[in-house]
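Q: Could you walk me through this structure, please? I would like to start with its sheet.

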Amino acid sequence: MNPSDKLSLLGNQNIAYAFDYNPNILEAFDNKHPENDYFVKFNCPEFTSLCPITSQPDFATIYISYIPAIKMVESKSLKLYLFSFRNHGGFHEDCINIIMKDLIALMAPKYIEVWGKFTPRGGISIDPYANYGLPKSKYEEMAQYRLLNHDLYPETITNR
């Protein structure tokens with residue numbers, strides 16, 4: 001069986017976009033190199049969600065980096081999943097943690113981090129960061145180290 005036979009979104013031109021949060025959109029495929037440690041990084045510069053109090057739109061670039069184990073997220077399903085936050089009312093920190101937890105549930109990666117760079121609203125920006133490493137492994141130690149040191153040398157922000 002072809003690995004792409006399990007993927008229903010890739011190449012499908014008749015996709016109905018979800019306008020409300022929907023983790024069921026996410027699809028995974030087998031990692032062909034589970035013995036290797038390597039990063040997969042997604043940069044999603046057009047993320048939007050809604051403030052749960054005011055319903056005003058929030059815009060962000062979402063950075064997702066992970067070290068896959070057995071499964072990997074399919075990129076079109078990830079795009080549609082992130083799009084499903086369009087009408088989701090959630091604080092920035094909540095959105096980032098939900099994204100990370102959904103991807104952990106889908107893939108069980110060795111390591112993952114999700115970082116949101118939200119554009120300012122009301123004169124302030126919020127940039128939540130969350131990560132996870134496989135418990136009782138070097139990845140758990142890596143997650144702790146990266147969490148404690150993730151913003152010591154802030155990069156140039158280009159989305160605001």
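A: Two strands pair if DSSP finds at least two bridges between them. Strands (E, at least two residues) and helices (H or I, at least four) are DSSP runs, numbered from the N terminus. This is a predicted model, in which local features need pLDDT of at least 70, side-chain atom pairs count only at pLDDT 80 or more, and totals for chains, interfaces and linings use all residues. Residues are numbered from 1 along each chain as its sequence is written, and side-chain values use heavy atoms, with hydrogens and water left out.

Q: What is the order of the strands in the open sheet?
A: The order is β2-β3-β5-β6, with antiparallel pairing. β2 and β6 (129-133) are the edge strands, each pairing on one side only. On average, neighbouring strands are turned by 15° against each other, direction ignored.

Q: How many bridges join β2 to β3?
A: There are 9 bridges between β2 and β3 (residues 57-67). Ser-49 stands opposite Asp-58, and the bridge partner of Leu-50 is Pro-57. The hairpin of these strands has 6 residues between them, and Ser-55 takes a positive phi near 65° there.

Q: Moving on to helices, which strands does α2 lie across?
A: α2 lies across β2, β3, β5 (111-118) and β6, and runs at about 155° to β5. Angles run from 0 to 180 degrees between N-to-C directions, and axes are lines fitted to C-alpha atoms, for helices over the stretch in contact.

Q: And at what angle do α1 and α2 pack?
A: The angle between α1 and α2 (residues 92-107) is about 145°, and their axes are 12 Å apart.

Q: Which residues meet there?
A: Leu-78, Tyr-81 and Leu-82 in α1 meet Ile-98, Ile-99, Asp-102 and Leu-103 in α2; contact means heavy atoms within 4.5 Å. By class, this contact has 6 nonpolar, no polar and 1 charged residues. Ala, Val, Leu, Ile, Met, Phe, Trp, Tyr, Cys and Pro count as nonpolar, Asp, Glu, Lys and Arg as charged, and the others, Gly among them, as polar.

Q: New topic: which residues line the largest pocket?
A: The lining consists of Asn-43, Cys-44, Pro-45, Glu-46, Phe-47, Thr-48, Lys-79, Leu-82, Phe-83 and Arg-86. On a 1 Å grid over the protein atoms alone, a pocket is an open set of points where a 1.4 Å probe fits, with protein on both sides within 12 Å along at least five of seven lines; lining residues have an atom within 4 Å of a point.

Q: Which element gives the most to that lining?
A: β2 does, with 6 residues.
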